[in-house]
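Hello,

Here is the structure I promised to pass on to you. Please have a look at it first, and then read my notes below.

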Amino acid sequence: MIKLLLLWSTPVFADPQRPDTLVLPSGEEIELPYIRNWTSPEAAKSLRWPACQGSSSAMTGPTAITLHEVGAPHDNFNDPTGKNRCIHFYVRQDGVILQLAPLDRTWGHAPNSGHAIGVEIANGYGGLNFSFSSGADRIAVSWSGTRYLYWQTPPQFDNLYDLMMKLAEIDFNGDGVADIPKNVANERMVEDYFLLSTQGLRINPAVDGWLNSYEGIVSHSIHAYADEVLVEDGNGGLTRTYPSARNDGGAMALYTTLRLRGLSADEARCYTMQIAQDKLLTDPSVVAAVGIASQDFGYHTWKSIPLNVAEQPCVTELGP
Ligand SMILES: [Zn+2]
């Protein structure tokens, strides 16, 4: 076990490979220390399916960012239906972010793909689809049927947040206004709370429709099963426990929420992990004691916890 207080540094790995620029639809390039665009050798060899530039549609906006995490045991990018699935950014475990596709084109990765930039965060179980994904940190959780979640590295959290904040300041369509709001869907459903779990309950399709048109940052973990019935604990919200112990963007959504509320990078990483490891979700009386917000969106109750966590000390453990 590794004890983590607030000591993690945020390295950006030096890499001589170029070009290290974010490419915008306008053709403008923004130099960022952690990014490699699709013309770099790293990006070209990072995919194990045909390159994104096969068939796609014109992007609307983009007005949203959808966060994913690789790790499904099945090859979800080698879709037998022939859909051309791809994503715009792939976040390696060393924090290098590969831009794999132009931002004015769409590829299927979520119900909101028509207006959303797609991001895949690497963990150790994306090897079927991606290179640069081997071995992963895990954290123990008591409320998930899988007992643990794959966890992302500090440079993954910090560099992706930095990239998203830069994307959120870009005027993609040239109307003089930035197009991606600095909002996180998980905290917009119930004011002042972050949706941590649906406790395995189905998400109301009406909410799914809201999610599909949402403008801002949304995790696939609350999107993916909006129209399916699953009974696994912890499904939806912070994590998506089926078909693997991946959170599918939920942890990054929580981290982003905490950063937007003023926490430092170190604090946000620590409290994101602490919240994910909390046992609150399994004990209704404890949930009530911290001020549970229960709101019926039609036929089930959402559960979430308040975000004033920084008033408590943060101690977390990486493992098992
Ligand atoms: Zn996903």
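Which strands make up the open sheet of six strands, and in what order? The order is β4-β8-β7-β10-β6-β14, with mixed pairing; two strands count as paired if DSSP finds at least two bridges between them. β4 (35–36) and β14 are at the edges with a single partner strand each, so one side of each has no neighbour in the sheet. Helix α4 (residues 250–260) packs on this sheet, where it touches β6, β10 and β14, and its direction makes about 145 degrees with that of β14. Helix α2 (residues 154–167) lies across β4, β6, β7 (89–91), β8 (97–99), β10 and β14, and runs at about 170 degrees to β10. Axes here are lines fitted to C-alpha atoms, for helices over the stretch in contact, with angles from 0 to 180 degrees between N-to-C directions.

Before going on, two notes on the source. This is a predicted model, in which local features need pLDDT of at least 70 and side-chain atom pairs count only at pLDDT 80 or more, while totals for chains, interfaces and linings use all residues. Residues are numbered from 1 along each chain as its sequence is written.

Across the chain there are six helices and 17 strands, taken as DSSP runs numbered from the N terminus (helices H or I, at least four residues; strands E, at least two). Of the 320 residues, 46% are buried (20 or more other C-beta atoms within 10 Å of the residue's own; exposed means 12 or fewer, partly exposed in between, with C-beta atoms placed from the backbone). Among contacts with a separation of 6 or more, 69% are between residues 24 or more positions apart; a contact means C-beta atoms, placed from the backbone, within 7 Å.

β6 runs parallel to β10 (residues 116–121), joined by six bridges; Leu-67 is partnered with Val-119 and Glu-69 with Ile-121. Four bridges join β6 to β14 (residues 216–219), also parallel, and there Ile-65 stands opposite Ile-217.

Best wishes

Key
Two residues are in contact if their C-beta atoms, placed from the backbone, lie within 7 Å.
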